[in-house]
Amino acid sequence: MYQAFLIKYGEIGIKGKNRYLFEDALMRQIRIALRPVEGEFNVTKEQGRVYVEAVGEYDYDATVEALKNIFGIVEFCPVLIEEDSDFEKICKSAVDFWGKVYGDTNASFKVRTRRGDKHYPMTSMEISAGVGEALLDEYPGLKVDVHEPELMLEIEVRERVFIYSQRIQGLKGMPVGTAGKAMLLLSGGIDSPVAGYMVAKRGVKIEATYFHAPPYTSERAKQKVVDLARIVAKYAGPIQLNIVNFTDIQMYIYKQCKHEELTIIMRRYMMRIAEHFAKESGCLGLITGESIGQVASQTMHSLYCTNAVCDLPVFRPLIAFDKQDIVDLSEKIGTYETSILPYEDCCTIFVAKHPVTKPNKNVIERSETHLAEQIDEMLKTAIETTEKIMVEA
């Protein structure tokens with residue numbers, strides 16, 4: 001019955017003369033999301049509306065699921081298209097539509113009409129009243145309630161007529177790719193995938209860097225991160241993942257520096273490497289899953305020390321979140337069950353028993369001078385041997 005979907009957006013509508021750029025980006029993301037879905041689709045726009053129209057048979061349920069995961073869609077409506085805008089045709093299609101969706105149900109209802117075609121010979125009120133009368137004649141269990149109806153039939157009269165009654169909630173946000181690109185420091189934990197999702201929701205294209213430490217971290221730990229990237233890619237689009245072999249750098253820091261400073265110094269070198277790849281690919285910032293005070297490396301003092309090595313801004317969308325809030329969101333987007341798999345990453349393997357919680361930047365910088373003999377060459381090797389893979393949902 002449903003040949004198409006009417007896509008409704010929010011913030012895009014206030015973008016003025018640049019609105020078409022955001023509409024085009026939304027249409028591009030819709031096409032990407034529908035690639036795996038059985039069926040052929042035309043994605044078009046007209047008069048402030050975006051339409052997804054099926055060409056022939058298609059998988060309705062899979063299409064709905066795909067549209068639910070696209071940033072920039074506030075809601076979408078499965079629609080019946082009536083090619084003939086003759087009023088009698090509209091009434092007949094509306095009556096048939098109602099019968100297929102609701103049958104002869106006892107309920108209050110309202111018909112709401114919008115005229116995109118202002119030359120149509122009837123007003124919106126006249127169309128609504130006429131269609132409502134046709135429904136009452138066909139289904140005696142109905143009664144009109146224009147203030148708080150139980151059911152709503154909506155009609156849009158344009159070059160064609162669109163009839164619908166269901167509104168399916170989307171993710172809102174902005175289309176991916178409309179706000180530049182950023183590099184996510186992706187671990188196997190709960191927080192960083194959620195951080196990537198949140199920044200992508202604001203239209204930012206995501207790339208990611210993961211720090212692997214074989215043999216201390218297993219191939220399963222690496223696969224876990226790839227799987228997390230794949231889940232985030234369901235919302236954010238394809239993600240280039242940089243897998244950095246960090247073992248030699250970690251061991252060198254472990255041998256040369258005070259153990260209580262290990263976490264913060266290790267984190268500073270991760271930020272340096274991630275920033276290298278960020279600049280290389282044109283990213284405008286870094287993304288981390290840090291939240292104030294959650295662990296020793298996330299105190300205000302520690303965040304100040306890690307920020308100090310970066311030229312690019314560091315986006316921390318979870319900075320004031322309670323841990324349970326982060327867990328709840330990870331469950332909602334589908335990353336939680338993968339994040340809690342018992343395969344540790346390099347951040348958890350080399351944690352000191354008593355890490356410094358209020359590091360002094362000057363002290364940390366002096367400690368890093370103990371690494372001067374080999375660290376530059378190790379950084380170069382780590383960057384040159386980085387494995388790069390494209391992860392798609």
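Reader: Leaving aside neighbours within four places in sequence, which residues is Ile90 in contact with?

Author: In this predicted model, Ile90 is in contact with Asp84, Ser85, Tyr120, Val131, Ile155, Val157, Val161 and Ile163, where contact means heavy atoms within 4.5 Å. Because the model is predicted, local features need pLDDT of at least 70 and side-chain atom pairs count only at pLDDT 80 or more, while totals for chains, interfaces and linings use all residues. Residues are numbered from 1 along each chain as its sequence is written, and side-chain values use heavy atoms, with hydrogens and water left out.

Reader: And where does Ile90 lie, and is it buried or exposed?

Author: Ile90 lies in helix 3, residues 87–101, with helices (H or I, at least four residues) and strands (E, at least two) taken as DSSP runs numbered from the N terminus. Ile90 counts as buried because its relative accessibility is 0%, given that buried means under 20% relative accessible area, exposed over 50% and partly exposed in between, with a 1.4 Å probe and protein chains only.

Reader: How many Å separate the C-alpha atoms of Ile90 and Val356?

Author: Those C-alpha atoms are separated by 72 Å, and the two residues are 266 apart along the chain.

Reader: What does strand 7 do with strand 8?

Author: Strand 7 (residues 151–157) runs antiparallel to strand 8 and is joined to it by four bridges, and a hairpin of three residues connects them. Two strands count as paired if DSSP finds at least two bridges between them. Glu154 has Tyr164 in strand 8 as its bridge partner. Strand 4 (residues 75–82) also pairs with strand 8 in the antiparallel sense, over three bridges, and there Glu82 is partnered with Val161.

Reader: Switching to the open sheet of six strands, what is the order?

Author: The order is 14-13-10-11-12-15, with mixed pairing. Strand 14 (314–315) and strand 15 (387–391) stand at the edges with a single partner strand each, so one side of each has no neighbour in the sheet. Strand 13 (residues 286–287) is parallel to strand 14 and joined to it by two bridges, with Ile287 opposite Phe315.

Reader: Now helix 8 and helix 13: at what angle do their axes cross?

Author: The axes of helix 8 (residues 262–280) and helix 13 (residues 361–368) cross at roughly 80° and come within 11 Å; axes are lines fitted to C-alpha atoms, for helices over the stretch in contact, and angles run from 0 to 180 degrees between N-to-C directions. That makes helix 8 roughly perpendicular to helix 13, a label covering 65 to 115 degrees, with under 35 called roughly parallel, over 145 roughly antiparallel and the rest oblique.

Reader: Which residues are buried in helix 14?

Author: In helix 14 (residues 375–384), the buried residues are Ile375, Met378, Leu379 and Ala382. They cover an arc of only 100° around the axis, which puts them on the same side of helix 14, the arc being that of the directions from the helix axis to the C-beta atoms. The face turned away from that buried side carries the exposed Asp376, Glu377 and Glu384.

Reader: What covers the buried residues?

Author: The cover includes strand 12 (239–245), helix 7 (247–256) and helix 8.
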